[in-house]
Amino acid sequence: MGARNKTARGLVGLIAAGTAVGALVVDAVIPETARQHMRNPRWPAHAKFHNAQYIVMSAVLGGIGLRLLTSPNGDPDRNRVLAAAIVSVPHVGMFGAAAFPGTALSDEEFRDSPANTVKGVEVNILSAAVCLAVLGASLVLGRGRRHPTPSHG
């Protein structure tokens with residue numbers, strides 16, 4: 001396997017691992033952000049249910065992506081592309097969720113929290129965009145001539 005393909009697989013693996021544990025860490029473990037999500041006493045149980053659903057879904061999708069990348073079965077390039085597609089789901093979902101009427105990227109009471117923006121950009125959208133950009137880079141890096149053109153001479 002060439003260096004470009006190894007790098008491409010590594011990028012997908014990085015995002016897959018982050019996807020597998022990221023939502024749990026951010027929404028339930030880190031005090032500053034967990035108090036806005038699973039540890040928010042003002043959130044109704046149903047809102048917490050959907051946040052927990054997102055945490056579990058992200059863990060499952062990240063795990064499937066990692067399994068595809070490490071599978072000895074199938075074509076490694078195809079597995080990488082499938083893993084990238086699967087791992088992209090929660091990150092694409094951030095943009096889709098933000099487009100629904102009545103949704104907000106953060107609760108009003110936490111709008112001014114420094115944990116919610118980086119240089120004025122909302123962290124949910126920023127992190128999703130970075131993850132999708134890295135996955136896109138992995139697809140570009142992994143492209144190449146799969147079968148050399150035979151020379152006729």
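Figure 1. Glu32 counts as partly exposed because its relative accessibility is 31%, a value in the range between buried (under 20% relative accessible area) and exposed (over 50%), as calculated with a 1.4 Å probe on protein chains only. Arg35 is likewise classed as partly exposed, because its relative accessibility is 39%. The side chains of Glu32 and Arg35 form a salt bridge in which the closest N and O atoms are 3.2 Å apart; the term denotes a side-chain nitrogen of Lys or Arg within 4 Å of a carboxyl oxygen of Asp or Glu. Side chains of opposite charge can pair when their charged atoms come close. The structure holds four salt bridges. The model shown here and in the other figures is predicted, and local features are described only at a pLDDT of at least 70, side-chain atom pairs only at pLDDT 80 or more, whereas totals for chains, interfaces and linings use all residues. Residues are numbered from 1 along each chain as its sequence is written, and side-chain values use heavy atoms, with hydrogens and water left out.

**Figure 2. The salt bridge between Arg42 and Glu109.** The closest N and O atoms of Arg42 and Glu109 are 2.5 Å apart. This pair links distant parts of the chain, 67 residues apart: Arg42 lies in the loop between helix H2 (31-34) and H3, and Glu109 lies in the loop between H4 and strand E1 (117-118). Helices (H or I, at least four residues) and strands (E, at least two) are DSSP runs, numbered from the N terminus. Arg42 counts as exposed because its relative accessibility is 53%. Glu109, with a relative accessible area of 45%, is partly exposed.

**Figure 3. Arg80 and its partners Asp77 and Gly142.** Arg80 belongs to helix H4, where its side chain meets that of Asp77 in a salt bridge with an N to O distance of 4.0 Å. The two residues are separated by about one helical turn, because they are three residues apart in helix H4. Arg80 counts as buried, its relative accessibility being 2%. Asp77 also counts as buried, at 17% relative accessibility.

**Figure 4. Ile86 in helix H4 and its distance to Leu68.** Ile86 is a residue of helix H4. It counts as partly exposed because its relative accessibility is 23%. Ile86 and Leu68 are 18 residues apart along the chain, and their C-alpha atoms are separated by 9.8 Å.

**Figure 5. The backbone at Lys119.** Lys119 is found in the loop between E1 and strand E2 (121-122). Its phi is positive, at about 50°, although Lys119 is not a glycine. Most residues other than glycine have a negative phi. With a relative accessible area of 84%, Lys119 is exposed.

**Figure 6. The largest pocket and its lining.** The largest pocket holds about 1,100 Å³ of space. A pocket is here an open set of points on a 1 Å grid over the protein atoms alone, where a 1.4 Å probe fits, with protein on both sides within 12 Å along at least five of seven lines; lining residues have an atom within 4 Å of a point. The lining comprises 42 residues, and Asp27, His37, Tyr54, Met94 and Asn124 lie nearest the centre of the pocket. Helices H1 (3-29), H3 (45-70), H4 (76-99) and H5 (123-142) each supply at least two residues of this lining. H1 gives the most, with eight residues. By residue class, the lining divides into 20 nonpolar, 19 polar and three charged residues.

**Figure 7. Spans listed as transmembrane regions in UniProt.** An unreviewed UniProt entry lists residues 52-69, 81-103 and 123-142 under "transmembrane region"; such annotations may be inferred rather than shown by experiment. In the model, the span of residues 52-69 is 100% helix and 0% strand, and its end C-alpha atoms lie 26 Å apart. Residues 123-142 are also 100% helix and 0% strand, with their end C-alpha atoms 28 Å apart.

**Figure 8. The setting of these views in the protein as a whole.** The protein has five helices and two strands, which follow the pattern α-α-α-α-β-β-α along the sequence. The C-alpha trace spans about 75 × 30 × 25 Å along its principal axes. Of the 153 residues in the protein, 29% are buried.

Conventions. Points joined across faces, edges and corners; volume = space filled by probe spheres on them. Nonpolar A, V, L, I, M, F, W, Y, C, P; charged D, E, K, R; others polar. Polar contact = N/O pair within 3.5 Å; in protein donor to acceptor, adjacent residues only side chain to side chain.
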